[in-house]
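Good morning, and thank you for coming.

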Amino acid sequence: MAIFVFADQHQGTFKKAALETLFYASQLASSRQQEVVAVVMGEINQPRALADLGKYGARRVLHVDAAWLNDFDARLYALVLKEMLNQYAADRCLMPHDFNGRALAPYLAAQWQAGLLTGIVSLPDDKDCYQKQVFSGKATAWIKLQTERQVLTLLPNTFTPQPGDSQAQVERWQPTQVSAQQKRIQLKEVQTTQGRVPLTEASIIVSGGRGLKGPENWGMIEQLAEVLGAATACSRPVADAGWRPHHEHVGQTGLTVRPNLYIAIGISGAIQHLAGVNGSKYIVVINKDPEAPFFQAADYGIVGDAFEVVPRLIEAIKKYKGIS
Ligand SMILES: Cc1cc2nc3c(=O)[nH]c(=O)nc-3n(C[C@H](O)[C@H](O)[C@H](O)COP(=O)(O)OP(=O)(O)OC[C@H]3O[C@@H](n4cnc5c(N)ncnc54)[C@H](O)[C@@H]3O)c2cc1C
C-alpha cells in the first residue's frame, strides 16, 4: 500500500514544507517497503517540476490537472483526495502542518472517516507512536492512532530533505465524483509580499514585540532582517494593534516557525508566543528587562534597550559582511 502526500504548489513551485513532507514520507515508506505517491492539484506551468518530485522521494505523481483546482480550497481538495484515496485503497495521507495543511487535514479526515494526528515531529517508534508537542510546546506526547485510515500533518522544518536524483513517474488523474460545479469559493484577489522569504521557510527570523513601542520603529527590524537575509515576524499584540500584518504573527494562535535562528526583540516570551517559536535551533533575545521570561528559553541574551542594541548590531553585521 502506498503513502499519499498532498504536495502543495503555487504556479509550479512546490512549497518547502511539501518537499519536507515528501522526504519524511519516503523515510516512513522505506521502513515499511511502501512507495510514496505525491498528489498535485491544479495546472502546472513547469511540467518537469512534477517528475522532479522523485528527488524528494515520490515514486509516482498523480496530477489532477484541472483549472478549477488552481486555487486552494480545503473542502474541494478534501473531496478530490477522498475519491483518489478510496480508488487506490490507501490508508495513509500526509501533508505539511502549514496554513493549507491545517485547513485540509481535518476536512479530509472527516470526509474519509480517518483518524487525524496533527503537527507530528518524528517518525513512528516501534509501537507506531508519533511524537508531537503539546501544552504550547512545554511537553511532548507520543500518540498512536488506532484507526486504519490515517491523516497526518508534519510540522514544517522538522526534517531536512536530502534530494536524490530519481525522477517520479507522472500520471494524470481525474475525479469522476467531484466537479467544478461543487466549487463554492471564488478567489478574487491575491496579495503577495515582494522579495521576502516566507516566514515558515525562513532560516533566520527577526521578530519584534510591544517593546518596540509603535509601527514607526520597525525600520530597524526591517534593516536587521535585510542585512541577515531574514524574514520578519511579530508577537500577537503587535499584529492585533495593526503595527504589522497578521501573517507575521507567530505563536499559539499564529504561525509555528522553526528557523535556525530566531531573534526576539522587545518580546516578553509569554508561553503562547514560545509555543510558535521554541522549535527554533538558536534563540537570541534582546530585552531591557533581565527578568523577561524569554531569557529562559534563549541560547543567547542581550539585556539592553533595543533602540541602542539593534542599530549597533546592524552596524556590526554590516562591518562583518563588508556591506557599506
Ligand atoms: C489564548 C491566547 C493566545 C495567544 N496567542 C499568542 C500568540 O500566538 N502569539 C503571541 O505572541 N502572543 C499570544 N498571546 C498573547 C501573549 O500572552 C502575550 O500577551 C504576548 O505574547 C505579549 O507580547 P509582547 O511580548 O510583544 O508584549 P509585552 O508582554 O508587553 O512585552 C514587551 C517586552 O518588551 C520589553 N521591552 C520594552 N521596552 C523595551 C526596549 N526599549 N528594549 C528592549 N525590550 C523592551 C519589555 O521588557 C517586555 O518584556 C496569546 C494570549 C492568549 C490568552
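A crossing of two helices is called left-handed if the near helix is turned anticlockwise from the far one by less than a right angle, and right-handed if clockwise. Helices here are DSSP runs of H or I with at least four residues, strands are runs of E with at least two, and both are numbered from the N terminus. This is a predicted model, in which local features need pLDDT of at least 70 and side-chain atom pairs count only at pLDDT 80 or more, while totals for chains, interfaces and linings use all residues. Residues are numbered from 1 along each chain as its sequence is written.

I begin with α5 and α9. The crossing of these two helices is left-handed. Helix α5 spans residues 219-228, and its axis comes within 10 Å of that of α9, at a crossing angle of roughly 20°. Axes are lines fitted to C-alpha atoms, for helices over the stretch in contact, and angles run from 0 to 180 degrees between N-to-C directions. α5 and α9 are therefore roughly parallel to each other; that term covers angles under 35 degrees, with over 145 roughly antiparallel, 65 to 115 roughly perpendicular and the rest oblique. On the α5 side, the contact is made by Met-220, Gln-223, Leu-224, Val-227 and Leu-228. Residues count as in contact if their C-beta atoms, placed from the backbone, lie within 7 Å. By class, the contact of α5 with α9 has nine nonpolar, one polar and two charged residues. Here Ala, Val, Leu, Ile, Met, Phe, Trp, Tyr, Cys and Pro are nonpolar, Asp, Glu, Lys and Arg are charged, and the others, Gly among them, are polar.

The second pair is α3 (residues 74-87) and α4 (residues 99-112), whose axes lie 8 Å apart at an angle of about 45°. That angle makes α3 oblique to α4. The crossing of this pair is right-handed. Among the residues in the contact are Tyr-77 and Leu-81 of α3 and Tyr-107 and Trp-112 of α4.

What surrounds the ligand? Its shell has 26 residues, the closest being Gly-209, Arg-210, Gly-211, Ser-235 and Gly-251; a residue is near the ligand if its C-beta atom, placed from the backbone, lies within 6 Å of it. Eight shell residues are nonpolar, 13 polar and five charged. α6 (236-240), α7 (271-277), β15 (282-287) and α9 (306-321) each supply at least two.

Conventions: Contact = placed C-beta atoms within 7 Å.
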